[in-house]
Amino acid sequence: MADSNDKQSHDANGADQARRTLIKGGLLGGLVAGAAIMAESPASAAEEAQNQGSSLVDPRDHFRADLKFPEQAWPGLQRNMVDPKPDCGETSYRGRNRLVGRKALITGGDSGIGRAVAIAFAKEGADVVIAHLPVEQPDADDVLEVIRGVGRKGVSVAGDLQSMEFCNELVSRAASELGGLDILVNNAGYSRRQTSITEHTAEQWDQTIKTNLYAPFWLSKAATGIMPPGSSIINTASVAAVQAEGFFLDYCASKAGIAHFTRALAKQLGPRGIRVNAVAPGSFFTPLLGYTGGDDSKIAAMNKGTPLGRVGQPVEIAPLYVTLASVAGLYTTGSIWSANGGTAQF
């Protein structure tokens with residue numbers, strides 16, 4: 001897809017005009033605007049249909065369902081997934097200047113959903129800092145190449161989100177690198193399959209809760225001290241928040257916590273003009289599925305159990321984050337939006 005990478009002044013004028021048009025027309029409804037934006041942000045199959053003059057794309061056939069996962073130790077690298085590669089929008093996402101001049105920090109931005117969000121934000125005009133583990137630097141470098149390739153500033157910061165000190169430093173570093181901060185995406189997550197609570201160690205519980213729940217708390221606390229009105233915090237929850245799986249005891253607990261953390265923080269920060277929402281993914285083709293036990297047989301079962309007959313590609317969920325970060329979602333806060341192929345309802 002063609003990238004929107006015009007001059008900064010033209011982008012800013014276009015963004016201001018779009019904002020005035022939205023406000024004048026009253027088109028600030030979150031779900032309606034979100035649906036419209038998703039329709040305007042197709043991946044490769046959808047754009048091919050557009051180029052052929054078709055307005056319809058069958059969601060069952062949008063991406064191939066016979067996915068393969070290489071055997072990887074945690075946390076896994078996306079660059080090792082080659083048959084096929086996950087689509088994070090590197091070439092398929094088309095931006096429309098919805099985030100021109102914005103400054104975003106995204107945790108877990110090296111691979112999977114976080115990577116797709118970072119790429120989408122950059123193609124929409126935002127400068128981006130991504131956080132990741134040191135071992136994930138090769139994936140982070142790949143993302144930075146895409147971000148910088150569309151003319152935006154991209155910075156990666158390696159560290160462990162289980163540390164409150166690192167979380168505080170991360171927010172300060174992001175604000176320093178970008179000249180401020182007005183979007184925070186708490187996306188990084190950890191999960192490990194365990195079939196019995198008797199096998200579930202305290203160490204694993206701590207790692208899951210600290211990564212998935214403590215880190216968003218620490219990062220949001222630090223970020224809200226410097227975020228101006230109009231800013232947006234977007235958390236990554238999960239369908240596991242409402243559809244628990246016995247083998248992900250700690251993960252399900254943490255994601256249910258994220259959902260309620262989102263709703264409560266939205267009530268705190270609404271009077272300050274800062275919106276807080278969450279996106280709740282279902283199963284997506286990311287390194288996470290590989291190291292949590294997503295072998296070929298389990299992927300086949302996921303495909304069969306999804307009404308659309310397949311797991312999602314990261315690029316398909318990125319438009320939700322764009323909508324929630326942009327003026328199109330201006331009246332949406334305290335909401336949980338889900339993209340899960342029809343497997344769960346919030």
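Reader: How many bridges join strand β5 to β6?

Author: This is a predicted model, in which local features need pLDDT of at least 70, side-chain atom pairs count only at pLDDT 80 or more, and totals for chains, interfaces and linings use all residues. Residues are numbered from 1 along each chain as its sequence is written, and side-chain values use heavy atoms, with hydrogens and water left out. Helices (H or I, at least four residues) and strands (E, at least two) are DSSP runs, numbered from the N terminus, and two strands pair if DSSP finds at least two bridges between them. Strand β5 (residues 232–236) runs parallel to β6, and the number of bridges joining them is five.

Reader: Which residue of β6 is the bridge partner of serine 232?

Author: Strand β6 covers residues 275–281. Within β6, serine 232 has as its bridge partner arginine 275.

Reader: Which residue of β7 is the bridge partner of valine 279?

Author: β6 also pairs with strand β7 (residues 336–339), in the parallel sense and over four bridges. In β7, the partner of valine 279 is tryptophan 337.

Reader: How many residues of β6 are buried?

Author: Buried means under 20% relative accessible area, exposed over 50% and partly exposed in between, with a 1.4 Å probe and protein chains only. In a regular strand the side chains alternate between the two faces of the sheet. Arg275, Asn277, Val279 and Pro281 point one way from β6, while Val276, Ala278 and Ala280 point the other way, and all are buried. Strand β6 is therefore largely enclosed by the rest of the structure, with a buried count of seven of seven.

Reader: Which strands are the edges of the open sheet?

Author: The open sheet has seven strands in the order β3-β2-β1-β4-β5-β6-β7, with parallel pairing. An edge strand pairs on one side only, and here the two edges are β3 (154–158) and β7.

Reader: What angle does the direction of α11 make with that of β6?

Author: Helix α11 (residues 318–325) is mostly covered, with eight of its eight residues buried; among them are Leu320, Tyr321 and Val322. Angles run from 0 to 180 degrees between N-to-C directions, and axes are lines fitted to C-alpha atoms, for helices over the stretch in contact. α11 packs on the sheet and touches β4, β5, β6 and β7, and its direction makes with that of β6 an angle of about 170°.

Reader: At roughly what angle do the axes of α6 and α7 cross?

Author: Two packed helices are described by the angle between their axes and the distance between the axes. The axes of α6 (residues 164–178) and α7 (residues 202–224) come within 9 Å and cross at roughly 40°.

Reader: What word describes α6 relative to α7?

Author: Angles under 35 degrees count as roughly parallel, over 145 as roughly antiparallel, 65 to 115 as roughly perpendicular and the rest as oblique. The crossing angle of roughly 40° therefore makes α6, relative to α7, oblique.

Reader: Which residues of α7 make the contact with α6?

Author: Contact means heavy atoms within 4.5 Å. From α6 come Met164, Cys167, Asn168, Leu170 and Val171, and from α7 come Ala215, Trp218, Leu219, Ala222 and Ala223.

Reader: How far apart in space are glycine 309 and glycine 341, C-alpha to C-alpha?

Author: Glycine 309 lies in the loop between α10 (296–305) and α11, and is partly exposed with a relative accessible area of 32%. Glycine 309 and glycine 341 are 32 residues apart in sequence, while their C-alpha to C-alpha separation in space is 8.0 Å.
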